[in-house]
Amino acid sequence: MAFSKLLIASLLVSFILLHLVHADQAVPAQADQVSLLQDIDCDGACAARCSKASRQRLCHRACGTCCRRCHCVPPGTSGHQEVCPCYASLTTHGGRKKCP
């Protein structure tokens, strides 16, 4: 009886340690992916995107917000939003598209 309790306790501790080691190894991979996503120059990308807008300050502000959230800006001055689905899916409180 005592031996079975000891065996169960040691198996439980082993599983917990194995889980902790596995979780510790998974964190750097996620950190590398986050650093890759943050390498976009939002100011430059939004300056190009809003270069032909009639209200450039408004366009640049909205584009900057979308770029920081989605880590991408579609190419060109309009359209091509299928390249960046997150950018295309953001909406205002009124339900209108947020990103230029």
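Which hand does the link of cysteine 72 and cysteine 84 have, right or left? I opened the notebook with that one. The link is right-handed, with 45 degrees about the S-S bond. I note at the start that this is a predicted model.

**Entry 1. Overall layout**

I began with the secondary structure. I found 4 helices and 0 strands in the protein. Read from the N terminus, the elements go α-α-α-α. I then looked up burial. The protein has 100 residues, and 19% of them count as buried.

**Entry 2. Disulfides**

I searched the whole structure for disulfides and got 6. I wrote down the pairing, with the bonded cysteines numbered in sequence order: 1-7, 2-5, 3-4, 6-12, 8-11, 9-10.

I took cysteine 42 and cysteine 67 to start. Their sulfur atoms are 2.0 Å apart, and the two form a disulfide. The S-S torsion is -80 degrees, and the link is left-handed.

I turned to cysteine 46 and cysteine 63. A disulfide joins them, with 2.2 Å from S to S. The torsion about this S-S bond is about -80 degrees, so the disulfide is left-handed. The pair links distant parts of the chain, with cysteine 46 in helix α2 and cysteine 63 in helix α3, 17 residues apart. Cysteine 46 and cysteine 63 are both buried.

I came back to cysteine 72 and cysteine 84. Their S to S distance is 1.7 Å, and a disulfide joins them. Cysteine 72 and cysteine 84 each lie in the loop between α3 and α4, 12 residues apart. How buried is cysteine 84? Its relative accessibility is 2%, so cysteine 84 counts as buried.

**Entry 3. The nonpolar core**

I asked which residues touch the most other members of the largest nonpolar core. They are Cys63, Val73 and Tyr87, in a core of 13 residues. Helices α2 (42–49) and α3 (56–70) each give at least two residues to this core. The largest share comes from α3, with 5 residues. In soluble globular proteins, nonpolar side chains tend to be buried together.

Residues up to four places away in sequence were not counted. Valine 73 touches Ile40, Ala45, Cys46, Arg49, Cys63, Cys67 and Tyr87. Cys46 and Cys63 on that list are joined to each other by a disulfide.

**Entry 4. The loop between α3 and α4**

I looked at glutamine 81 next. Glutamine 81 is in the loop between α3 and α4 (85–89). Is glutamine 81 buried or exposed? Its relative accessibility is 16%, and the cut-off for buried is under 20%, so glutamine 81 counts as buried. I listed its contacts, leaving aside neighbours within four places in sequence. They are Arg49, Pro74, Tyr87, Ala88, Lys97, Cys99 and Pro100.

Phi of histidine 71 is near 60 degrees, a positive value in a residue other than glycine. Histidine 71 is in the loop between α3 and α4. With 28% relative accessibility, histidine 71 counts as partly exposed.

Phi of histidine 80 is near 55 degrees, also positive in a residue other than glycine. Histidine 80 lies in the loop between α3 and α4. At 43% relative accessibility, histidine 80 counts as partly exposed.

**Entry 5. The largest pocket**

I looked for open space last. The largest pocket holds about 230 Å³. Which residues line the largest pocket? I noted Leu58, Cys59, Arg61, Ala62, Thr65, Thr92, Arg96, Lys97 and Lys98. By class, the lining has 3 nonpolar, 2 polar and 4 charged residues.

I picked threonine 92 from the lining. Threonine 92 is in the segment after α4. Its relative accessible area is 33%, so threonine 92 is partly exposed. Apart from neighbours within four places in sequence, threonine 92 is in contact with Lys97 and Lys98. Lys97 and Lys98 also line the largest pocket.

Methods: Residues numbered from 1 in each chain as written. Predicted model: local features only at pLDDT ≥ 70, side-chain atom pairs only at ≥ 80, totals over all residues. Heavy atoms only, no water. 1 Å grid on protein atoms, 1.4 Å probe; cavity = no way out; pocket = protein on both sides within 12 Å on 5 of 7 lines; lining within 4 Å. Points joined across faces, edges and corners; volume = space filled by probe spheres on them. Nonpolar A, V, L, I, M, F, W, Y, C, P; charged D, E, K, R; others polar. Core = buried A, V, L, I, M, F, W, Y, C linked by side-chain atoms within 4.5 Å. Buried < 20%, exposed > 50% of the residue type's maximum accessible area, 1.4 Å probe, protein only. Contact = heavy atoms within 4.5 Å. Disulfide = S-S within 2.5 Å.
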